[in-house]
Amino acid sequence: MDIVTFENVSKTYRSGETTVTALGDVSLKIPRGMFTAFVGPSGSGKTTALNLIGCLDQPTRGTVTVAGQAIGSMNRRQSAAFRGKHLGFVFQDFNLLPVLTVHENVEYPLLMIQDLSKAQRKPAVEKVLTAVGMADQAGKYPAQLSGGQKQRVAVARALVGNPALVLADEPTANLDGATAQKVIDLMKRMRDEFGITFIFSTHDPRIMDQADAFFHMEDGRLKDDAATGGAS
Amino acid sequence: MIKVMSLAIRNLLRYKRRTLLTGLLIAVGVLAVIVFTGLSGSFKRAIVGQITDSVLSHLQVHKKGYMASIDNLPLDRMIPEKPYNKLSGILSDTRGVAGFSPRIKFGAMLSNFAQTTNVRLNGIDPEKELTAVPLLPSRIKDPKDPDVLLAPGQVLLPEILAKGMGVGTGDTVVLVANNRDGSVNGMTFEVAGVVESLMGPGGRDGYLHIDDAAALLRMETIEISEVAVRVTDFDALTDVAGRINQVLSPMVTPKGQPVFEVHTWQQLTPFYNVVRMIDLMTLGIKIILIAVVLISVLNVMIMSVYERVKEIGTLAAMGTQPSRIMALFVAEGFCLGLAGAVAGAVLGTGALWILNLTGVEVAFGGAGQVFELAPSVAPGEVLSACVIVLLVSVIASLQPAAKAAALEPVDALRHV
Ligand SMILES: Nc1ncnc2c1ncn2[C@@H]1O[C@H](COP(=O)(O)OP(=O)(O)OP(=O)(O)O)[C@@H](O)[C@H]1O
Ligand SMILES: [Mg+2]
């Protein structure tokens, strides 16, 4: 069963007179449990594709289906609820809340989005923090952490709600090579441990090689029509 | 709800200096409102109390048309004995009336055997007068007998006249008066005390016994100029006045004219305008408070939203509902207002407490009258100032909060 499908998806942006085609007639399928990468040069449409999968944006044409749900049919409230329930996000700039501790940052989706009780939240937060190796830093604030540590907390936050799919747009772009590698290793391990599908974008060739499958993008199109490289 | 509040408070504390300054601004506004209401309220109570408790009483009944020429102290618009007895019966039966006192008001010549001057006089029944204006004795300087306000054959002279003519307690003076028909009569009196002057109508009048007044004016039967009425509950004055009016208004002369007219203290003294002015100023200060809170909270919240666009995008992307993002920002404005209001309430009541300890003296009017104010503020007033601040804080946060909630996560995340 595919967790993500694109059927002839196009996305165009209008800026004044000119229209920019960020995605042009893309069709693809991503099976559940895959560690999938979107790769390609800057401006090739990686972020656009990830935003569509993340229900943050709507296609101009075509159909995007995520976890069995056509994303074009949802209103703001519904898509927020859908994201909160099924998706996790890891950002390039970590985007942790500076006023919350590590523990509270990871707790946020359970507290403010899923509205779980304290008894339900505590073990879940401790479990993911242990899994990413940040349990001993739980009381620290983001400002007290290194970039790699922040991204591990961000991964924990994406995982805590037990999503079907985690999206990471250039999760390693702000990290040095060794740290980037560790974060990728961590995400792979999480995939193995929790069976969660990971979809990320990168233009780092070393990271690219780690993916089970990747989509090579150029000018808003898939370069390789085979759609999947590497494994699968 | 608690979790939204707690996150809001953390976000407020993030910009400590800005929050502190804005909170302080709100606190100073609340402080100003409380101190001003406390001072003006006690000033109001002091002058109104002084006037109603020692001169006017709370309301007065006259023969219809008397008030129109009250400055002349007309002797041809008196309440004759029979209608007065009827009126007295009605007043005794009216619920809420604490006491009433009939007065004969007239002008006379005062002589100390060397000089002569004009004096305005009230013929009173001392016992009844005390039920209508209990604080009158406090205005008597140098009384002959502290236990007796006034006995037949005695007169209480207004301070300025006594001073000007060099007469004091125990001296003998002559009062000469014209009666309604123009015939003149004179009688000697012993000065039983000097009445301190007070601003406003009736504040510089002398007093003598009602029987003496009737004799001096050669009345065959007693006739009354005015009846001063005191109510038990000052706040219910309008009700009592209404009840009295209701009973009196059906009483008409054969020509169909009403017999009596009823006026409350507000209609009897120009100080009512001072009171109204004070109320207006209190309102003005409250409006300034509203403006201060509105502008400062709006300003802080607009900045908060603008600075945290990317953060809002992150929360929204993760699946936080727009309504909850809105609630987060409204809670932030609410907490800011709450902190300012509480601080202001504490500072304000503290300031009033200190003012009470040191005492506030206010000189008022040409007579050099000094009021010792005991500024206090009703808990309801403090609460209402706080409620205003909270309400305005929430209203000021609504627009920025709605803007935050309406942000599209994709656009917000791209914001740098
Ligand atoms: N909101 C927008 N308005 C106008 N044009 C946009 C918008 N978002 C993206 N684009 C354009 O769409 C194209 C694809 O952008 P996208 O961000 O998907 O590329 P990317 O592969 O993620 O690039 P990078 O590696 O630099 O992040 C680019 O030409 C970009 O300029
Ligand atoms: Mg991108």
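How many salt bridges are counted between chain B and chain A? In this predicted model, local features need pLDDT of at least 70 and side-chain atom pairs count only at pLDDT 80 or more, whereas totals for chains, interfaces and linings use all residues. Residues are numbered from 1 along each chain as its sequence is written, chains are lettered from A in the order in which they are written, and side-chain values use heavy atoms, with hydrogens and water left out.

The count between the two chains is five salt bridges, a salt bridge being a side-chain nitrogen of Lys or Arg within 4 Å of a carboxyl oxygen of Asp or Glu. A:Glu104 forms a salt bridge with B:Arg10, and the closest N and O atoms of this pair lie 2.5 Å apart. Across the interface, 27 residues of chain B are in contact with 26 residues of chain A, where contact means heavy atoms within 4.5 Å. The area buried between chain B and chain A is about 2,300 Å², of which carbon and sulfur atoms give 58%; buried area is the accessible area (1.4 Å probe) that two parts lose on being put together, summed over both.

Strands β7 (residues 165-169) and β8 (residues 197-202) of chain A run parallel and are joined by five bridges, and A:Leu167 stands opposite A:Ile199 in β8(A).

Note on methods. Two strands pair if DSSP finds at least two bridges between them. Helices (H or I, at least four residues) and strands (E, at least two) are DSSP runs, numbered from the N terminus.
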